[in-house]
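Colleague: I am new to this model. Please take me through it by question and answer.

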Amino acid sequence: MTAFSKIEPDLRAALPPKTFPNLQPRYLEEPRGRWAGRGGLLVSPASTEEVARVVSHCAEHGVPVVPYGGGTGLVGGQVSGDLEPVILSLERMSAIREVDATENALVAEAGVTLQAAQEAAEGVDRLFPLTIASQGSARIGGVMATNAGGVNVLRYGNARDLCLGLEAVLPDGSVLRGLSPLRKNNTGYDLRHLMIGAEGTLGIITAATLRLHPRPAKAGAAMMVVRDPAAALDLLNLARDRIGEGVSAFELIGRFGLDALAEHMPDVRLPLGRPDWSVLIDLGLSASGDPEAALLDLFEAGTEAGLVSDGVVAQSEGQRAEMWAVRESIPLANRKVGAVSSHDISVPTAAIPAFIPEATAAVAAVGRFRINCFGHVGDGNLHFNVFPVPGESRADHEDRRDAIKRAVHDVVHRFGGSVSAEHGVGRLKVDDLERYVDPVKLAAMRAIKGALDPKGIMNPGAVLRAR
Ligand SMILES: Cc1cc2nc3c(=O)[nH]c(=O)nc-3n(C[C@H](O)[C@H](O)[C@H](O)COP(=O)(O)OP(=O)(O)OC[C@H]3O[C@@H](n4cnc5c(N)ncnc54)[C@H](O)[C@@H]3O)c2cc1C
């Protein structure tokens, strides 16, 4: 691959000076500090046409392009490794181009933060339901490129389900204009779905048409103590039977996470103390609904069925926020403990109760560790994180991380699950993709990459090994 220096003078001559901000260290780092970039030319265009001009130059001279959104990706896709690429930041493309409450659609440029998109939807009394803890920094382009998930997938689906159209610059610099909000459009291949989840390896997303939903008029939340993960699943089914689509989120919380909160973030109030297993249930209902009554009814039915032994229903928006603070603070408390290895995996929901003890046993066969298993149980996505026992630290086990990861992923694979549920492949999971994914799928992916990006300039080394 050609280094950026070959085209830097031409690019600077072709674009306004503002397009070339200083390369701050954050563009070469990632949130967990496990990957670092060596350098690159930071280019931050202000329009789709400018993005196309940059990509055309790169394509002509074989210079690698690494797209950069908010930099919150957890698998190293936005970090250039040892290339000398053009780091193409979409941060200056931050306009909401259109919001249409009648069409239930919002057109956001790639650099709009997820939170700003949510707020723009709220401005017309609509909901953009994709919710992740990094939403203040993550940007629409990155959210689409990683097919982000989060806590509301159960009800509203992931980024793919919430995207009606895309505009993207392809690896040769041409512009794919597909922002139509049409719900029905069967005119051949839907290229939007190729770009979503491609992690910048097939082109640069410059704007997206987002699918909006009605805002639930009434919200409610409860935490309930369950016997075990199997009881949590039975309770979820009971909740769906009784409340239907109104169940927006259903999160499993293990004891380890609560212990970590008590030790490292004692300000976070734990409404139910520290049970072995509990769930956080969130509801969004229409104006005629009564979330508190629905949750009390669920609590009673769950208790009667022997699934629930204790619980608390939020009596105010403040209490609901307190419950969410518990769930959202667990990853932060985890970070303070320091995981040896973290796994963002999914298995079919019915397999969750059998998966957890098998994966725990597989880790125990590698060594003595503690497990924090929690997450979006409603969609089969668990965070299965492995921690050192008290008195030891993450640094003591650096040499065992690969063995732990392999042990957990082998069990995931045996259960027909995915070794990347929502964070993507990036550079971190390229080996896993090769090991676990269907070879026919892998061959088709390589063929698509070769056809759209014959010079291999788009985010080389992410998702697929660089040729
Ligand atoms: C605290 C925390 C909580 C998180 N929680 C969740 C969660 O619940 N669910 C979840 O799914 N993820 C979660 N994430 C991961 C991350 O926030 C998401 O992957 C997010 O979608 C990344 O968006 P970004 O703009 O930061 O992308 P970046 O990190 O900048 O980039 C991510 C990938 O997308 C590519 N890319 C970025 N912009 C574009 C573009 N415009 N066109 C093409 N490719 C592009 C990059 O090259 C890279 O491969 C979390 C991260 C953190 C730090």
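Colleague: What is the relative accessible area of glutamate 434?
Modeller: This is a predicted model, in which local features need pLDDT of at least 70 and side-chain atom pairs count only at pLDDT 80 or more, while totals for chains, interfaces and linings use all residues. Residues are numbered from 1 along each chain as its sequence is written, and side-chain values use heavy atoms, with hydrogens and water left out. Buried means under 20% relative accessible area, exposed over 50%, and partly exposed in between (1.4 Å probe, protein chains only). Glutamate 434 is partly exposed, because its relative accessible area is 31%.

Colleague: Which residues is glutamate 434 in contact with, beyond its neighbours within four places in sequence?
Modeller: Glutamate 434 belongs to helix α13 (residues 430-436); helices (H or I, at least four residues) and strands (E, at least two) are DSSP runs, numbered from the N terminus. Contact means heavy atoms within 4.5 Å. With neighbours within four places left aside, the contacts of glutamate 434 are Leu442, Arg446 and Arg465.

Colleague: Where does the protein chain divide into domains?
Modeller: The bounds come from an automatic or database domain assignment. The chain is divided into domain 1 (3-91), domain 2 (96-214), domain 3 (218-332) and domain 4 (344-431).

Colleague: How many residues does domain 4 give to the contact with domain 3?
Modeller: Taken over C-alpha atoms, the centres of domain 3 and domain 4 are separated by 24 Å. Domain 3 puts 16 residues into the contact, and domain 4 puts in 17 residues.

Colleague: What is the relative accessibility of alanine 239?
Modeller: Alanine 239 is part of helix α7. Beyond four places in sequence, alanine 239 has contacts with Gly244, Val247 and Leu298. Alanine 239 counts as buried, because its relative accessibility is 0%.

Colleague: Which elements do the buried residues of α8 pack against?
Modeller: In helix α8 (residues 255-264), the buried residues are Phe256, Gly257, Leu258, Ala260 and Leu261. They pack against β12 (247-254), β13 (277-285), α10 (317-337), β16 (369-376) and β17 (381-388).

Colleague: Which element supplies the largest share of the shell around the ligand?
Modeller: A residue is near a molecule if one of its heavy atoms lies within 4 Å of it. There are 33 residues around the ligand, and Pro67, Gly69, Thr72, Gly73 and Ser134 come nearest. At least two shell residues each come from β2 (65-68), α4 (140-145) and β9 (204-211). With four residues, the largest share is that of α4.

Colleague: How much of the ligand's exposed area does the protein bury?
Modeller: A backbone N or O atom of isoleucine 205 is 2.9 Å from a ligand nitrogen. Taken alone the ligand exposes 970 Å² (Shrake-Rupley method, 1.4 Å probe). The part of that area buried by the protein is 93%.

Colleague: What is the phi of asparagine 147?
Modeller: Asparagine 147 sits in the loop between α4 and α5 (153-156). This residue is buried, because its relative accessible area is 15%. Its phi is positive although asparagine is not glycine, with a value near 50°.

Colleague: What is the relative accessible area of aspartate 125?
Modeller: Aspartate 125, in the loop between α3 (114-123) and β6 (126-127), also has a positive phi, of about 60°. Aspartate 125 is partly exposed, because its relative accessible area is 48%.

Note on methods: A polar contact is a pair of N or O atoms within 3.5 Å; within protein, one must be able to donate a hydrogen and the other to accept it, and residues adjacent in sequence count only if both atoms are side-chain atoms.
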